[in-house]
Amino acid sequence: MSSLIDTYHRNINYMRISITDRCNMRCIYCNSHLAPHLTHDEILRYKEIQKIVKAAAGLGVKNIRITGGEPLVRPDVGALIELLYLIDGINDISLTTNGIFLAKYLDELKEAGLKRVNISLDSFNADKFKYITGGGNLEDVLRGIEAAIEAGLDPVKINMVPIKGINDDEIVDFARKSITDGWNVRYIEYMPFADSADDKKKMIGIDEIRDIVTNALGPMETCGITTGNGPAKYYKFKNSKGTVGFIGAMTHNFCAECNRFRLTADGRLMPCLMRDDEIDIKGPLRAGASIEELEEIIKKAVLLKGEKHPDSDKLDLKKRQMWQIGG
Ligand code: SAM
């Protein structure tokens, strides 16, 4: 069995695939509506994604996450999931969504084989939610979360990005949901992609977030969630069914454990979310590259992975925003 090992001896077995750069929300920290979007021709077709994943699976990639933009604005995501499950070696496919269309498409996604989902939610207050998301309807997301839990997707993880002065007053409310409703809540440190001093000030370090949670709700014990491929550290309150996870991409460098690379909707391989490096795979694919040739391109991209991404104060991303990469 092949393994994809990078220069720093990390085993790269997880691929995040952005299937669109479009989104039905306009989150204040993402601004996906501010730039021209990819045209139909620029975007990878599902069959093309399948061929790239086939090459990746041949090298040892096992786990896939589908993201965007908002993946569920692209028609027939279930068909893509089915195509990817046909590939030998792929044994886990998950989805990251804002949840707006989740209840609507849940049956077909589940039928296609989807077993777990991450849903982004930054506020329980309908007005604030509307403000953060540029017009999103909180009820749609809550319905999506409920539907995913009822359908037995497991785990359903709720991703919250605490932002100073905007939703930091709700940090405790999210953790409380792990006790009252068995939610698996994850806090994601705000990443200043917009690169302005003001933007950098909005970040709340993950240690501070954890302190806010434990000061209000008491101590937590560590717990290992096995389903997942990411860097989150998970905890539980005594007797609670749900979990609380912390992802400190900015203040806790977890590059040593990194196991992933990304495929953008316009067919570039990105070895690291926090670096501008990318390699075109769509061009060679459309020029008729064989699986073996695609494997070579993937290996080259993985070998570009640095030992560490720059610290938050030195982060200098010029090429793409989060929605153009796939968060
Ligand atoms: N539309 C989907 C969603 O909302 O989950 C998938 C794409 S979105 C870019 C993926 C995740 O990235 C979301 O949880 C979102 O909150 C997070 N995200 C976007 N911009 C971010 C930023 N600047 N800092 C931290 N997280 C961010």
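Visitor: So helices (H or I, at least four residues) and strands (E, at least two) are DSSP runs, numbered from the N terminus. With that in hand, where does D76 lie?

Guide: D76 lies in the loop that runs between β2 (63-67) and α2 (77-85). Keep in mind that this is a predicted model.

Visitor: What is the phi of D76 like?

Guide: Phi of D76 is positive, about 60 degrees, although the residue is not a glycine. D76 counts as partly exposed, because its relative accessibility is 47%, and partly exposed covers the range between under 20% (buried) and over 50% (exposed).

Visitor: How many bridges join β7 to β8?

Guide: Three bridges join strand β7 (residues 220-222) to strand β8 (residues 233-237), and the two run antiparallel. Across that pairing, M220 stands opposite F237, and E221 stands opposite K236.

Visitor: And which way do β8 and β9 pair, parallel or antiparallel?

Guide: Antiparallel, over three bridges, with β9 covering residues 243-247.

Visitor: New topic. How many salt bridges does the count come to?

Guide: The count comes to eleven salt bridges. One of them joins the side chains of K128 and E170, at 2.9 Å from N to O. K128 lies in helix α4 (residues 126-133) and E170 in the loop between β5 and α6 (171-180), so this pair ties together parts that are 42 residues apart in sequence.

Visitor: Are those two buried or exposed?

Guide: Both K128 and E170 are buried. K128, D169 and E170 are also linked in a network of salt bridges.

Visitor: Which residue forms a salt bridge with D140?

Guide: R143 does, with the closest N and O atoms 2.8 Å apart. Both lie in helix α5, three residues apart, which is about one turn of the helix. R143 is partly exposed at 45% relative accessible area, and D140 counts as partly exposed at 21%.

Visitor: How far apart are N and O in the R268 and E278 bridge?

Guide: That distance is 3.9 Å. R268 lies in strand β11 (residues 268-270) and E278 in the loop between β11 and β12, so the pair ties together parts ten residues apart in sequence. R268 counts as partly exposed at 26% relative accessibility.

Visitor: Last one: is the peptide bond from D154 to P155 cis or trans?

Guide: That bond is cis, with omega near 0 degrees. P155 has its place in the loop between α5 (138-150) and β5 (156-160).

Key
Residues are numbered from 1 along each chain as its sequence is written. This is a predicted model: local features need pLDDT of at least 70, side-chain atom pairs count only at pLDDT 80 or more; totals for chains, interfaces and linings use all residues. Side-chain values use heavy atoms; hydrogens and water are left out. Two strands pair if DSSP finds at least two bridges between them. Buried means under 20% relative accessible area, exposed over 50%, partly exposed in between (1.4 Å probe, protein chains only). A salt bridge is a side-chain nitrogen of Lys or Arg within 4 Å of a carboxyl oxygen of Asp or Glu.
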